[in-house]
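Me: I have a model open and want to learn how to read its features. Can you take me through them one at a time?

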Amino acid sequence: MAIPKLEMARVTRRLDAYCDRMSMHSGGAGRFSWRARGNHVCVSEQRPDYSGLPGETTVVELARFHYDPATEGWTLSRRDGKRRLHPYEGSEDMRSFEELADRLEAEPAPPGA
């Protein structure tokens with residue numbers, strides 16, 4: 001089951017604004033974006049790949065929201081420096097997308113992400 005349309009409208013509005021704001025704050029070094037697939041919404045950063053050829057970029061997934069249709073709640077996972085997903089610390093009791101998005105925005109990206 002996909003994310004309900006009303007919930008997806010909230011996600012779209014919130015993450016479009018977040019990605020625009022983060023892209024502006026990166027000073028042009030990175031471009032933030034998000035995508036939805038099934039019950040997951042991933043937030044990523046595209047930035048220059050300084051170890052590759054000029055003009056090459058790399059995409060790093062920073063966080064993943066997961067919608068549970070049974071509970072109509074959300075969970076949030078974040079990438080660590082080794083790019084493994086872990087539950088977002090301190091978000092265990094949060095179930096609304098808005099609360100989790102607030103939490104994501106309040107924290108800097110993990111080192112090496």
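Reply: Start with helices. Helices (H or I, at least four residues) and strands (E, at least two) are DSSP runs, numbered from the N terminus. Here, helix 2 spans 97-106, and Glu107 lies in the segment after it. This is a predicted model: local features need pLDDT of at least 70, side-chain atom pairs count only at pLDDT 80 or more, and totals for chains, interfaces and linings use all residues. Residues are numbered from 1 along each chain as its sequence is written, and side-chain values use heavy atoms, with hydrogens and water left out.

Me: Is Glu107 buried, exposed or in between, and why?

Reply: Buried means under 20% relative accessible area, exposed over 50%, partly exposed in between (1.4 Å probe, protein chains only). The areas come from the Shrake-Rupley method. Glu107 has a relative accessible area of 34%, so it is partly exposed.

Me: How do I read a salt bridge, and how many does the structure hold?

Reply: Look for a side-chain nitrogen of Lys or Arg within 4 Å of a carboxyl oxygen of Asp or Glu. The structure holds eight salt bridges. In one of them, Asp102 meets Arg14 at 2.4 Å, N to O. That pair links distant parts of the chain: Asp102 is in helix 2, Arg14 in helix 1 (residues 5-25), and they are 88 residues apart.

Me: Why does Arg14 count as buried?

Reply: Because its relative accessibility is 16%. Asp102 counts as partly exposed because its value is 44%.

Me: Which residue forms a salt bridge with Arg21?

Reply: Glu105 does, with the closest N and O atoms 2.6 Å apart. Arg21 lies in helix 1 and Glu105 in helix 2, so this pair ties together parts that are 84 residues apart in sequence. A network of salt bridges links Arg14, Arg21, Glu98, Asp102 and Glu105.

Me: What about aromatic pairs? How many are there?

Reply: Rings of Phe, Tyr and Trp (its six-membered ring) pair if their centres lie within 6.5 Å. Planes under 30 degrees apart count as stacked, over 60 as edge-to-face and the rest as tilted. The structure holds four aromatic pairs. Among them is Phe65 with Trp74, which is edge-to-face: 6.4 Å centre to centre, 85° between the planes. Both Phe65 and Trp74 are buried. Ring pairs link Phe65, Tyr67, Trp74 and Phe97 into a cluster.
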